[in-house]
Amino acid sequence: EYVSEHPSAWAHFLTQDAASDTHRARSWGAWNRLGCDVLLTNPPFAGDIDEPDLLAAYESQQAQHSKKAVSREHLFVERAIDLLKPGGRLAIVLPQGILANTTATYLRSWLLQKCRVLGVVGLHQNAFAPYTGVKTAIIFLTKLEKPQKAPYNVFFAVSQSAGKDSSGRRSGETDYDEIAKSLNSFLASEGMPWVGKIEASAPGNISAEIVTSDEVLRTGRLDAEHYDPNTRRLERRLRSLSSETVGGQVEAKVPRFKRAAMREIAYIDISSVDQRTGLTHPECIAAEDAPSRASYLVSPGDVLVSTVRPERNVVAMITE
């Protein structure tokens, strides 16, 4: 039989400040008033919730009026933050999609209002092999007492070595200790110790990037791969060399092939490209005989990159 009264052992970390203030949430009783100092967890990576009454208990979902079902891990993120007291710290393993996909933009926006993100570590694809190959990351954050308007720094790093192969067999050392050193050094420099006092140490020999919260808010991304330092150095170099962008020099929309508007066409497919020279040798056919994959019109100067059989490295320049 369920007893709503909380165990006496919970008394020291029950608070009125935790959780969403909705009728459904309040009905959870003592579970809605847990105020944890530190929470380490991961959500279930499967299943959707489509019960309107249950979704109504979650503050982050209130802007999602058009959504009939929500991934379980989305709700789990809010629940984990609810269980923290203000100033409490959370380390949570999340699927990459929550940090990068446009469908989770609303959740990241809500999270950035409620928490200060301290760091994100993108994990290797084999991190949880052989149990799952889902790309994941660990996000470290602290719950705010009130929204933080002043910009702050966020640590991003990507693990390049899980220390095992896709079957879960050991295949070398991990880079986790080096990432931990770099994260600890960053936290010490920011005056934001994770647990207790952190001694400043030499940063690990890894590829890490420090990004301002303003940039994170502007991009709407929390995946560490998006802030890869090598890519960012290249982007800065390119910007220093030119004020123009590729987007300013090309048409954003490629014209579509309309079968009824033409009688004869020069048809190009992957077999039309000479791999040695990159030149195209189209086949002249009647428009009505064109295969269904004939989709786009090309013009002199266009560069075609085959996404079929990429190992052949078929790239072609369309000439006059």
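This is a predicted model: local features need pLDDT of at least 70, side-chain atom pairs count only at pLDDT 80 or more; totals for chains, interfaces and linings use all residues.
Looked up α3 on the sheet: α3 lies across β1, β4, β5 (115–122) and β6 (136–143), and runs at about 155° to β4. I take contact as heavy atoms within 4.5 Å. Angles run from 0 to 180 degrees between N-to-C directions, with axes as lines fitted to C-alpha atoms, for helices over the stretch in contact. Helices (H or I, at least four residues) and strands (E, at least two) are DSSP runs, numbered from the N terminus.

Residues are numbered from 1 along each chain as its sequence is written, and side-chain values use heavy atoms, leaving out hydrogens and water.

Then I checked helix α6 (residues 176–190): α6 packs on the sheet too, touching β5, β6, β7 (153–158) and β8, and its direction makes about 175° with that of β7.

Next, the sheet. I find 6 strands in an open sheet, ordered β1-β4-β6-β5-β7-β8, with mixed pairing; two strands pair if DSSP finds at least two bridges between them. β1 (36–41) and β8 (208–212) are the edge strands, each pairing on one side only. The twist averages 15° from one strand to the next.

I zoomed in on β1: 5 bridges join β1 to strand β4 (residues 84–95), and the two run parallel. Val-38 stands opposite Arg-89 in β4.

Last, the helix pair. The axes of α3 (residues 72–82) and α5 (residues 105–114) come within 11 Å and cross at roughly 5°.
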